[in-house]
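Let us walk through this protein step by step. Start with the view below, then read on.

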Amino acid sequence: MTTMLPPSPLPPKALLLDLDGVLLDTRPVIERAWQQVLNEHGLDVPFEEYERHLGRPFADIMELLGFTESEQFHRTYDEASIAASHLAREFDGTVEVLHAFVAAGWRLGIVTSKPLDRASSLLARLGCPFSTVRTPNSGGRGKPAPDTVLLALTDLGVDPADAVYVGDMTVDQEAARRAGVPYLHAGWGYGCPGAPSPVVAESPKNLLSLLAPGPFLEGSLL
Ligand SMILES: [Mg+2]
């Protein structure tokens, strides 16, 4: 009598995603919050200057702009962001695509520089089963350091090689590289990819065809 060995399970895969400019179009929120900081504190830093550093934690951006004492600015920025959060919009197809990844057995994680409370309330709107949300609040250095990417993988129990990080700024690309995670650039986001040239997805739906082509696509709305 022969004994059938059970099939060896495939290692779990993880789709790690940045939030701003990848899942949600938060640029109007960011712009309004920065304007409030300028108004309240009398600064003269155009939004374009601030925007160049998107993807990093707020305090790190302030340091790059030459402000070492930025706690008051941060408070203003947080309050204004919450007040303007209704201006955030999900990118077309995001929710359907994320559900399709989950149906294909992928685990979802968020790696963002946004504070956890603001990130959570925005993510809750999407109604997707994110298994982890990592921000610098919950430990580690912010992007472009690899810490939050690695912590998300630890949460998910997934090897770096079995994960993909989808981001839209060069700090995302650098964080992924330093974590040993393949990077995919969201072409619908706010920044241009850096070097070496990564694979660019043109739309959220394009993520599926690039990463998880499968029979579940047939006959689906995707
Ligand atoms: Mg982003």
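About 1,200 Å² is buried between domain 1 and domain 2, and carbon and sulfur atoms give 53% of that area. Buried area here is the accessible area, found with a 1.4 Å probe, that two parts lose on being put together, summed over both. In domain 1, the residues that lose the most area to domain 2 are Arg118, Met169 and Tyr190, together 39% of what that side buries.

A word on the model itself. It is a predicted model, in which local features need pLDDT of at least 70 and side-chain atom pairs count only at pLDDT 80 or more, while totals for chains, interfaces and linings use all residues. Residues are numbered from 1 along each chain as its sequence is written, and side-chain values use heavy atoms, with hydrogens and water left out.

Where do the domains run? The domain assignment gives domain 1 as 14-25 + 89-217 and domain 2 as 27-87. Such bounds come from an automatic or database assignment. The contact takes 15 residues from domain 1 and 17 residues from domain 2, where contact means heavy atoms within 4.5 Å. The C-alpha centres of the two domains lie 23 Å apart.

Now look at charge. Side chains of opposite charge can pair when their charged atoms come close. A salt bridge is a side-chain nitrogen of Lys or Arg within 4 Å of a carboxyl oxygen of Asp or Glu. The structure holds nine salt bridges. Between domain 1 and domain 2 the count is one. Arg118 pairs with Asp78 in a salt bridge, with the closest N and O atoms 2.7 Å apart.

Next comes the metal. The magnesium ion is coordinated by Asp18 (OD), Asp20 (O) and Asp168 (OD), at 2.0 to 2.2 Å. Donors are N, O and S atoms within 2.8 Å of the metal (3.2 Å for Na, K and Ca); water is not among the atoms, so sites may look incomplete. Along the chain, the donors follow the spacing D-x1-D-x147-D. Asp18 sits in the loop between β1 (13-17) and β2 (24-25), and Asp168 in the loop between β6 (163-167) and α8 (170-179), 150 residues apart. Helices (H or I, at least four residues) and strands (E, at least two) are DSSP runs, numbered from the N terminus.

Asp18 has another partner to meet. Lys143 forms a salt bridge with Asp18, the closest N and O atoms being 3.0 Å apart. Lys143 lies in the loop between β5 (130-134) and α7 (147-156), 125 residues from Asp18.

Finally, the backbone. Most peptide bonds are trans. The bond from Lys143 to Pro144 is cis, with omega near 15°. Ala195 and Pro196 are also joined by a cis peptide bond, with omega about -5°. Pro196 lies in the loop between β7 (183-186) and β8 (199-201).
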